[in-house]
Amino acid sequence: MDSNHKTLVSGRRVFLVGLALPSQPPHVVEEHLDELADLAVSAGAAVAGRSLQSRKAPHAATFIGPGKAASLKRACAETGAELLIFDDDLSPSQVAKLEEATDRAVLDRSGLILEIFRAQARSREARTQVELAQLEYQLPRLTRRWTHLSRQAGGIGLRGGEGETQLEVDRRQLRQRIRRLKKDLEKIEQTRSVQRSGRRHMSTVALAGYTNAGKSTLFNQLTNADARVEDRVFATLDSKLRRGALSYDHIVLFADTVGFIRKLPHHLVASFRGTLEEVVDADVVVHVVDRSHPAWEEQRRVGGEVLEDLGIEEERILEVHNKVDRLSSDPVAADHLLVSAETGRGIDELKARIAERLGRPRRRHEGGYARLDSGWPST
């Protein structure tokens with residue numbers, strides 16, 4: 001990870017914790033812990049160990065129960081783990097109780113995702129969106145332990161101090177910063193709205209789906225662009241717009257968007273509403289699914305739920321199963337396309353399907369097409 005974009009967990013040994021409830025079989029929670037490990041590694045951490053606790057319901061005070069909390073303290077001492085990361089959201093009081101019981105800093109899944117987004121953000125808009133989401137997340141969780149870690153990791157610049165009085169000062173500063181960020185975002189989103197209104201003459205196709213489903217590689221295939229491609233979660237955060245040809249006389253605008261993930265922090269969704277409007281306003285939304293992933297069905301479901309929450313009508317969604325080149329044999333295709341963005345397989349058929357959904361090309365306005373590459377800041 002770029003040394004200039006370190007996360008709060010960069011270089012730290014972390015211990016992962018999952019909770020299995022009767023509604024979720026242990027093997028499903030294990031899969032979620034596998035993804036949590038990928039997220040931790042993406043954030044620059046070293047995974048020292050993991051633990052899965054089965055309960056009928058979360059413990060009100062410590063989420064996993066006092067006995068399990070005591071065993072986690074011993075496990076951290078044995079493995080050298082400095083930080084506990086839980087796969088579920090914790091309340092501020094649960095974080096405080098767990099930190100007291102384990103003598104370790106505690107982070108939940110939402111906090112980890114926010115850290116990754118902060119490190120990956122490049123444009124002014126993305127950095128503003130992520131900082132706002134992170135501050136709103138941290139405000140009720142602000143403690144002296146977190147202040148200490150934030151200074152070490154080069155985080156958001158919180159001031160540490162002695163006693164409750166200094167914490168109140170820090171909280172007041174956070175609230176003031178949050179208000180400024182919201183005003184900045186309003187101005188940025190107004191500019192973005194004007195840019196979108198200037199593109200009404202051209203159809204827009206948004207690529208959406210689970211993180212690391214291959215959207216950027218597909219974007220490059222469709223637009224001859226050079227968007228960054230990495231085999232890791234959230235390798236792309238800043239959305240991009242580029243023109244691409246469905247045929248010699250049918251030019252459209254493609255949007256590469258940030259990936260979805262299960263248990264996406266609501267603060268992040270709220271802060272990124274301007275970015276997600278690229279998906280909301282698109283004429284066609286290509287839902288990209290990584291068919292080679294063991295949990296592709298759940299990832300498909302999560303992506304579908306996010307699109308539904310955004311109000312995307314089913315008739316605007318074109319489902320595409322990507323990375324079929326990694327499979328030993330072709331799966332049975334139902335109402336979706338099988339493609340390989342890596343090899344180019346199925347790309348012509350995908351273009352034809354998109355063109356069919358869009359119908360006739362929109363007319364050019366006088367003076368031809370506007371310059372579109374500036375629609376999103378590049379990384």
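Residues are numbered from 1 along each chain as its sequence is written, and side-chain values use heavy atoms, with hydrogens and water left out. In this predicted model, local features need pLDDT of at least 70 and side-chain atom pairs count only at pLDDT 80 or more, while totals for chains, interfaces and linings use all residues.

Helices (H or I, at least four residues) and strands (E, at least two) are DSSP runs, numbered from the N terminus. Strands are paired if DSSP finds at least two bridges between them. An open sheet is formed by 4 strands in the order E2-E1-E3-E4, with parallel pairing. Strand E2 (46-54) and strand E4 (105-108) stand at the edges; each has a single partner strand, so one side of each is left without a neighbour in the sheet. From one strand to the next, the twist averages 25 degrees. Angles run from 0 to 180 degrees between N-to-C directions, with axes fitted to C-alpha atoms, for helices over the stretch in contact.

Strand E1 (residues 13-20) pairs with E2 in the parallel sense over 8 bridges. Ala-20 has Ser-54 as its bridge partner in E2. Helix H4 (residues 109-120) packs on the sheet and touches strand E3 (83-86) and E4. The direction of H4 makes about 85 degrees with that of E4. Contact means heavy atoms within 4.5 Å.

E3 and E4 run parallel and are joined by 4 bridges. Leu-83 has Ala-105 as its bridge partner in E4. The chain crosses from E3 to E4 through helix H3 (residues 92-102), in a right-handed β-α-β crossover. Right-handed means that, with the strands pointing away from the viewer, the path from the first strand over the helix to the second runs clockwise.

A nonpolar core is a set of buried Ala, Val, Leu, Ile, Met, Phe, Trp, Tyr and Cys residues joined through side-chain atoms within 4.5 Å. Buried means under 20% relative accessible area (1.4 Å probe, protein chains only). The largest nonpolar core has 29 residues, of which Ile-85 and Leu-112 touch the most other members. E1, helix H1 (26-42), E3, E4, H4 and helix H5 (124-138) each supply at least two residues of this core. Another core, of 21 residues, lies apart from it and includes Ala-213 and Val-288.

In helix H8 (residues 215-223), 8 of the 9 residues are buried, so H8 is largely enclosed by the rest of the structure. Phe-219 is one of the buried residues. Asn-224 follows H8 and has a positive phi, near 60 degrees.

Note on methods
Buried means under 20% relative accessible area, exposed over 50%, partly exposed in between (1.4 Å probe, protein chains only).
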